[in-house]
Amino acid sequence: MKISAAREELLAQLQTVSRVASTRAQALSGVQLIAAGGRVELRATDQEIALRVPLTAEVEREGTILLPARLLVDVVRSLSAPSVSLEQRPAEQDVELVAGNAQFHIRTLRSEDFPPFPEPEQEGNVTVPARAFVDTVLRVANSASRDETRPVLTGIMVSASERELRMVATDSYRLSVKETQLEHPLAGGFEANVPARALQELARLVQQVDGETLTVGVRQNQVVFQIGDVILSSRLIEGQFPNYRQLLPESYEHELTIAGGEVTDVVRRISLLAQKNAPLRLSFAPGELTVSSQTPDIGEARESLPVAFQGEPFEIGFNPDFLRDGLEAVGSGDVLLKLISPLRPGLIQSAEDGGFLYLIMPIRLNV
Amino acid sequence: MIAHLDCDAFYASVELLRRPEPRDKAVIVAHDGPRSVVTTASYAARRYGVGSAMPLSRAKRLCPHAILVPPDFASYKRVSRELWAIVSGRLGALQHLGLDEAYADLTGVEKPVRVLRELVAEVRGRTGITVSVGIGPSRLVAKICSDLGKPAGFVAMGREEAARRFAGHPPKLLPGIGPKSAERLRELGIETIGQLQRTPLETLTARFGANHGADLLRRAHFHDDSPVETERVLKSRSNERTFDEDVASLAELEEVLRRLARELCEGLRRRGTRGRTIAIKVRLDDWTTVTRARTIDAHTNDTALVTEVALELLRAYAPPRPVRLLGVRLAGFDEEGGGAAAPPRNAAQLALPL
């Protein structure tokens with residue numbers, strides 16, 4: 001194989017693709033460069049997620065090579081010359097990289113250990129608006145679990161049908177649901193539990209790559225996303241995702257509308273003194289909400305804001321990060337806060353956008 | 001069975017070995033500067049009260065005739081490699097802690113005590129370094145035993161014997177109980193390991209939380225089932241500098257921080273390591289030490305990004321007094337498992353009925 005490319009372009013595409021390269025297995029720590037049919041493609045995978053991005057390059061000789069991803073990124077980043085050429089030297093089992101006067105010989109990795117990638121199929125795909133899809137991901141992604149011992153919760157349940165996209169994520173302490181209405185009906189639907197990591201990677205790609213539409217192909221045990229010439233595939237998570245509707249309380253004791261930006265700011269401030277797993281306390285009294293926190297040996301903080309609360313005063317505790325995530329996911333508008341009692345789940349909604357729900361479990365306070 | 005092997009006054013011994021002076025000389029290894037601290041001291045110097053991390057000025061007063069040598073880490077690394085190669089040649093993979101100590105899992109080693117005695121002699125013969133050995137059923141007991149016999153110690157002990165024998169010692173003898181925990185134990189009236197052994201679990205968990213409280217009690221009884229981890233998992237890397245003169249100018253501090261961040265990132269790139277948490281450490285002239293950290297979205301070892309965040313942290317903190325030490329640290333490496341760990345949980349956090 002022999003190709004040459006602009007350094008800027010090569011670096012940008014390498015940085016994009018190498019994000020998914022594995023940091024563990026040796027063959028998977030590589031980035032594969034494939035020059036075929038006059039095109040060049042870069043590939044990386046960590047076995048769960050696989051990414052393919054195109055590279056604008058001049059192909060002098062076709063072929064496939066596997067190089068250590070991080071080393072290659074570091075080398076290309078360090079170059080000052082505007083163009084780079086890469087030539088495979090089979091006898092030496094390396095690649096000669098030349099840029100200006102700089103010359104590198106980088107040993108190739110064994111391509112045989114690099115897995116084949118799923119090819120996009122022509123049929124059974126659904127095309128969705130990329131921006132709407134990614135915005136929906138970003139509203140719920142924080143709630144996905146990072147605890148690998150409960151794999152089913154590390155995914156985001158994605159459903160698409162007709163004019164609606166719905167995504168649900170929960171780590172069992174909070175649950176996020178976002179339903180996005182689409183302008184145009186979809187030509188088909190799907191439902192899949194996709195690893196949150198893959199969707200977050202997709203969100204990053206959509207922000208980088210031009211492309212208004214995203215093609216989604218859900219197969220037996222994997223999903224293939226295509227945006228422009230970029231293809232991201234991921235295995236799907238098996239197992240029964242919880243039915244979130246059963247978890248939503250039927251009614252609430254208190255429903256309060258609070259100026260969104262204001263309560264989020266208060267929570268951010270007061271959270272600074274809720275360290276080492278200390279809860280954030282929300283004390284409701286007629287006409288007033290007081291947010292307070294206390295960490296032994298560090299200090300305490302409190303701040304009140306007016307709310308239209310009526311009835312018996314009560315106090316409820318939340319994990320400060322979980323509460324902040326929920327408030328921030330509401331966005332700019334007013335927050336609708338629904339509560340029952342100190343040990344029952346609370347619901348955060350947007351006063352304007354009925355499509356977003358954030359159910360949050362409290363922390364038991366030892367008053 | 002686990003062995004802990006610990007070189008006696010390692011750096012000072014390496015220095016003595018290549019000098020003409022007799023082996024029993026007082027040697028202090030330290031950079032010579034107005035505010036440097038002792039890196040290590042030979043046993044001859046320790047007899048005068050000189051110890052590691054002591055301000056050099058004080059060490060010189062205590063032992064004015066000591067030979068002062070600047071640390072030469074390249075040499076220490078060379079000797080360290082040679083020494084541990086001898087040991088692992090017979091004991092297999094080791095868990096290293098710094099250049100001068102290591103744990104070995106003795107499972108499957110025939111006649112381990114004899115092998116260890118032979119190794120100590122072989123290391124001494126080939127490198128000139130004396131190793132103290134502790135043998136026990138756990139890392140905890142082994143570590144304390146190696147310390148017990150120093151220098152040139154060779155101590156083996158069972159768990160129950162350790163629990164009896166160290167009952168009169170202060171809790172801070174136990175690895176994992178630092179000055180802060182020791183201070184909090186003292187507030188509970190617990191001044192010895194024996195008293196800690198007799199403290200009800202509830203008292204400890206009420207003061208230290210469920211996990212830490214239970215852990216303290218386990219340690220007091222010398223229960224430890226942590227394995228010998230032969231592959232070292234790097235948690236963080238840092239680069240810091242103590243100034244010869246305290247620095248008050250923010251511009252000057254920023255300049256130093258830029259350089260520290262650049263050096264740190266260069267090292268990380270060589271290792272192919274990226275972190276997500278960028279932190280600074282600032283020690284003021286009154287020894288107040290402050291750390292500030294920020295976790296960013298993606299793993300990085302990019303100099304520009306790390307420098308930018310570190311500078312923001314420094315500006316946000318705005319040191320209120322002259323600064324004697326400034327450092328930058330990168331943690332949360334991606335080798336740890338690709339992404340952030342599960343968030344810590346409050347024991348009283350309620351969960352949805354999934």
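This is a predicted model: local features need pLDDT of at least 70, side-chain atom pairs count only at pLDDT 80 or more; totals for chains, interfaces and linings use all residues.

The buried residues of helix α4(B) pack against quite a list of elements: strands β1 (2–7), β2 (27–29), β5 (94–97) and β6 (101–105), plus helices α1 and α5 (112–127), each of them in chain B. Which residues of α4(B) are buried? They are Ser75(B), Tyr76(B), Val79(B), Ser80(B), Leu83(B), Trp84(B), Ile86(B), Val87(B) and Leu91(B).

There's a handy rule behind patterns like this: an α-helix has 3.6 residues a turn, so residues three or four places apart point the same way. As for its length, α4(B) has 19 residues and spans 26 Å from first C-alpha to last, close to the 27 Å expected at 1.5 Å a residue.

## Two helices crossing

Now look at where α4(B), residues 73–91, meets α1(B), residues 10–17. Their axes come within 10 Å and cross at roughly 100°. Angles from 65 to 115 degrees count as roughly perpendicular, and α1(B) and α4(B) are therefore roughly perpendicular to each other.

Who does the touching? From α1(B) come Phe10(B), Tyr11(B), Val14(B) and Glu15(B), while α4(B) brings Phe73(B), Tyr76(B), Val79(B), Ser80(B) and Leu83(B). Sorted by class, this contact has seven nonpolar residues, one polar and one charged.

## The two chains in numbers

Time to zoom out. Chain B has 13 helices and twelve strands, while chain A has six helices and 25 strands. In chain B, 45% of the 354 residues are buried; in chain A, the buried share is 53% of 367 residues.

For chain A, counting contacts between residues at least 6 apart, 65% join residues at least 24 apart. The accessible surface is about 18000 Å² for chain B, with 49% belonging to carbon and sulfur atoms. Chain A exposes about 16900 Å², and carbon and sulfur atoms supply 44% of that.

Now for some exceptions. In chain B, the peptide bond from Lys150(B) to Pro151(B) is cis, with omega near -10°. Pro151(B) sits in the loop between α6 (139–148) and β8 (154–156) of chain B.

Over in chain A, Gln47(A) isn't a glycine, yet its phi is positive, near 85°. You'll find Gln47(A) in the loop between β3 (39–45) and β4 (49–55), and it is exposed, with a relative accessible area of 56%. Asp297(A) isn't a glycine either, and its phi is about 70°. It lies in the loop between β20 and β21 (299–306) of chain A. Is Asp297(A) buried or exposed? Its relative accessible area is 72%, and exposed means over 50%, so Asp297(A) is exposed.

## A proline in a loop

One last stop: Pro286(A), in the loop between β19 (280–285) and β20 (288–295) of chain A. This proline is exposed, with a relative accessible area of 56%. Leaving aside residues up to four places away in sequence, Pro286(A) touches Phe309(A), Gly311(A) and Pro313(A). Look at Glu312(A) too: it is 26 residues from Pro286(A) along the chain, but their C-alpha atoms are separated by 7.8 Å.

How values were computed:
Residues are numbered from 1 along each chain as its sequence is written. Chains are lettered from A and ligands numbered from 1 in the order in which they are written. Side-chain values use heavy atoms; hydrogens and water are left out. Axes are lines fitted to C-alpha atoms, for helices over the stretch in contact, and angles run from 0 to 180 degrees between N-to-C directions. Helices (H or I, at least four residues) and strands (E, at least two) are DSSP runs, numbered from the N terminus. Angles under 35 degrees count as roughly parallel, over 145 as roughly antiparallel, 65 to 115 as roughly perpendicular and the rest as oblique. Contact means heavy atoms within 4.5 Å. Ala, Val, Leu, Ile, Met, Phe, Trp, Tyr, Cys and Pro count as nonpolar, Asp, Glu, Lys and Arg as charged, and the others, Gly among them, as polar. The expected span of a helix is 1.5 Å times one less than its number of residues. Buried means under 20% relative accessible area, exposed over 50%, partly exposed in between (1.4 Å probe, protein chains only). Accessible areas come from the Shrake-Rupley method with a 1.4 Å probe; for residues, only the protein chains shown count as cover.
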